[in-house]
Structures are given as structure tokens and as C-alpha cells.
Amino acid sequence: MANWTALLPANMLPDDANPEWMSKADNSWQLTAATLVGLQSVPGLIILYGGAVKKKWAVNSAFMALYAFACVLVCWVCWGYRLSFGDQLVPIWGKINVALSRHYLLEKAFLGLFPNATMVFFQFVFAAITLILIAGAVLGRMNFYAWMLFVPLWLTFSYTIGAYTIWSSNGWLSTAGMIDYSGGYVIHLSSGVAGFTAAYWVGPRLTKDRERFPPNNILLMLAGAGLLWMGWTGFNGGDPYAANIDASLAVLNTHVCAATSLLTWLILDLLFFGKPSVIGAVQGMITGLVCITPAAGVVQGWAAIIMGVCSGSIPWFTMMVVHKKSELLQKVDDTMAVFHTHAVAGCLGGVLTGLFANPKLCNLFYGKYGKYVGLFYGLQMGAYHNGFRQVGLQLVGVAFVVAVNIVMTTLICFVVKLIVPLRMTEEDMEIGDQAAHGEDAYAIWGQGERSENSRFSTYNDVETGSSKARGQVEMT
């Protein structure tokens, strides 16, 4: 043991559980950040989806998110993590292997001063939320059995390719110098394109559901949105893999951009529709969070404001104007507008990163000064080639992610369709949760009677459907 350890207090001395290479502070922050991101999905998006959909779809929508979270974790430790961050098989994919052995999990991670176990968990919550975001595009009609197959297949053959290519230290776009600070490409652009593609193949909801699909609980939806927003502290703050100043900057930029985007969307709603829409404000919040994600720790605060204005206006325009004029966008039933909030906003954030990336901040994050230069700084410094190269790489990243997700999502939908139907029957879609799961989100109806077709309708009742029995129960 080195002599310097004699100067440390007893609780800081290295031992088998605290090796010399591990930083307790970084490890603690990384586990906290991972938990914050996990809370965005469970219960964040569970609550948001459950409240934002029509009452008859509340259980199904929430359960699609819960199932995806659990399924992804098992697939992740068995093969997904090593495909995404393991040894290279090809420049866009790792070698398949497990992340379960004590020897592997307690080794130092490929980046950061913490063990593989921490990194596996941290990267898992990002993979999980990507699948849950895809679910938002197909709510209200996708066969749950098809979803059960879709999740592991898409994780394996689409997500891992994007993660390895862009985030792995050996990936093609990673080594080329493309910037995706925390998932604007790997998570948001991917989920937006994959969700839109899956929605195309699954087909639309019932006509009456498309025409009228009111949220069953806006306050519940807002609670889920709040968890999503606050959880983004871990989403972007955890990606330096250290409790350092870059993490602090990333967190502040994240919330500044989200707030600016929300206000921009709100102002546009007021100007053009005359009323401040709560749902619109949530959409603006989400587009701001998505847009800043690829740039959070590599841009200055003024750039975060500009990105917020862009993310609150450009996706608003594509959703409110372009969508209504495009035959393709009208044809594809994207329930939660994932294409606009994630694909458009993610693409926008990636391109703006290529413009605003600050070389000094990039050096804090990547440790390679001069390789990552936003176009505006390149022009200012006279490094024109580097600036245009950065924008070019960001655009190549967009093309790659879009192509991979259209192709792989289409193939996966065809494979799933060979096994089970992609969508529920018309009759089951008329019923909703009861047909899919035999359960209702809200058990009490009308004047206090229980839903007669609920599997739980006989609990505490002497005779199902008997008012006499109900009266006897109430008296006792």
C-alpha cells in the first residue's frame, strides 16, 4: 500500500471493497444519476402515459412501460450491455457476452472511476427509457403480446448498434468525433424514428379514438411530466461519469433550455390559438429537454437559451403546421407525437450542437482539445475546416440513426407479425384495458357501482351485481 494512504482518514483507506482506482464521490453520483433516470420511466412515464391517454387505455399504456423496463434489464445484463459497450466485433457493434460475473462487474469501467456494475446499471436506464418512448407512438392499439416480442428484439438489433457506434470508445462515429453528449441521437432520434416506423406498420387507432382521445387525468399527466423533467438532472448530469464542473454545467443548461422551450411553445399557443394549453406546455418542456441532450455539457448558457427558443418553435411548427399538410404524417398515427417531440427535436439538437459546441468545454468532456469544434467557434478561430467537419459529422450521425432505425424496426415488425398480430382486433380496441388485461384503471363507476365486467368485481361482494348484497356489505 502506498505511503500516501497513511494520511487518509480511516473511512477513506483503500480495501477490497474500495479499490484505489475508485472514487467514492463519483460512484455515489453515478448511482444517484442512474436512479434519477430510472425514475423518469418508473414511475415517470408510467404516470404520464397512464394520465395522457383515453380512460379505457390507461392500464395498457402504463403496463407497456413497466414491462419494457423489466424486460430490458434482463436482456441488458445477459447480452445488451456488452453488445453496446464491449469488445469490438465490427465498428458499429460489440461482441455478445454477459455482464453478470463477479469478476467482470467489480472491475473498473471502460470510463469513469467506478466499477462496471455501476456503468451497467447507468446505461441500462437509458436503454429502458428508449423503448418506453417508442411505446408512446403505438399506444391504443398495439397487441401487448407483439410488444413483448418487440422490446427484446429492438433492444438487441437496433439500440445496441446506435449505442456502440456513437458512445462506445471504439465505435465508428465516436472515434470520428461526432458529439452526442447524452443521447440526443442514441435515445431520442432513435426512439422518434423507430416509434414512427412502428406506428406505420402497426396501423392507426380506431377512427373515433383518433378523432377524440382526451387525457383521462391531466393532473396525473403533469406529475409524470414533472418526474421526467427533474429526472433529466441525472440524464444529462451523469454523462461526464464524474461529479465535476461539467456535470454542473450540463444540469443547469438542461433546465434552462427546457424552461425556455416551454415558454416559447406556450407563447406560440397563445398567439395562434388564444389559450395556454397545458398539454402544449408539456410538449414544449419535452422538446427542450430532448434538444439540449446532445449538447448539455459542451455549450455555454447563452447557447442553451437559443436552443430552447428553437426547440419550442421548430417542433411546434412541424406539429401544428407541417403535420396537417403532410399526407404521410397524417397517415401514420403517432399517439404521443413522438416523431415531433423526439425525432425532430433530437435532430435539431444534434445539428445545433455542431454549431455551438465550445472547444474548451468539449475538452472538459472528451479530454481532446481541438478535435471537437462547433462551426461558430471554428469560424471565430479561423479553424473553418474543423467547424464544417463537426456539422458534417452531426449530419452523418442523423442519417445513420434514421437509416438503422427505419430498416431494423421494419424488419422486427415483420418478424413479430409472423408470430403474433401486431395490433389488437377491432373488437378489443373498442373495449381497451378490459380486453387486453382484464383490468380497469378506475374500478368505481356511475353511482358507486363496480364495473360488472371487472375481474375484481366480486371482491367483498356476496353476490356479483346484487344491489341487496352491496347494501348488506355497506351496513356491515
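Eight helices, namely α1 (24-52), α8 (207-211), α9, α10 (245-273), α11, α12 (301-325), α13 (327-331) and α14 (338-356), each put at least two residues into the lining of the largest pocket. Helices here are DSSP runs (H or I, at least four residues), strands are E runs of at least two, and both are numbered from the N terminus. A pocket is an open set of points on a 1 Å grid over the protein atoms alone, with protein on both sides within 12 Å along at least five of seven lines, and its lining residues have an atom within 4 Å of a point. This is a predicted model, in which local features need pLDDT of at least 70, side-chain atom pairs count only at pLDDT 80 or more, and totals for chains, interfaces and linings use all residues. Residues are numbered from 1 along each chain as its sequence is written, and side-chain values use heavy atoms, with hydrogens and water left out.

Back to the pocket itself. The largest pocket holds about 1,100 Å³ of space, a volume being the space filled by probe spheres set on grid points that are joined across faces, edges and corners. Its lining runs to 38 residues, and Gln 283, Asp 334, Thr 335, Met 336 and Ala 337 are the ones that lie nearest the centre. Helix α11 gives the most to this lining, with five residues.

A nonpolar patch of about 400 Å² is built from Ile 218, Leu 219, Leu 222, Val 278 and Ile 279. The elements giving two or more residues to this patch are α9 (218-237) and α11 (278-292), and α9 gives the most, with three. Patch residues have over 30% relative accessible area and no salt bridge, with like charges joined within 9 Å and nonpolar side chains (Val, Leu, Ile, Met, Phe, Trp, Tyr) within 5 Å. The areas come from the Shrake-Rupley method with a 1.4 Å probe, and for residues only the protein chains shown count as cover. Ile 279, found in helix α11, counts as partly exposed because its relative accessibility is 35%. On this scale, buried means under 20% relative accessible area, exposed over 50%, and partly exposed in between (1.4 Å probe, protein chains only).

Next come the charged pairs. The structure holds six salt bridges, each a side-chain nitrogen of Lys or Arg within 4 Å of a carboxyl oxygen of Asp or Glu. In one of them, the side chains of Lys 208 and Glu 430 meet at 2.8 Å, N to O. Lys 208 sits in helix α8 and Glu 430 in helix α18 (residues 426-431), so this pair ties together parts that are 222 residues apart in sequence. Lys 208 is partly exposed at 45% relative accessibility, and Glu 430 is partly exposed at 40%.

Helix α8 also carries Arg 210, while Asp 333 lies in the loop between α13 and α14, so their pairing ties together parts that are 123 residues apart in sequence. The closest N and O atoms of this Arg 210–Asp 333 salt bridge are 3.6 Å apart. Arg 210 is partly exposed at 33% relative accessibility, whereas Asp 333 is buried at 3%. Another salt bridge joins Glu 426 to Arg 423, with closest N and O atoms 3.8 Å apart. Salt bridges that share partners also link Lys 54, Lys 56 and Asp 209 into one network.

Conventions
1 Å grid on protein atoms, 1.4 Å probe; cavity = no way out; pocket = protein on both sides within 12 Å on 5 of 7 lines; lining within 4 Å.
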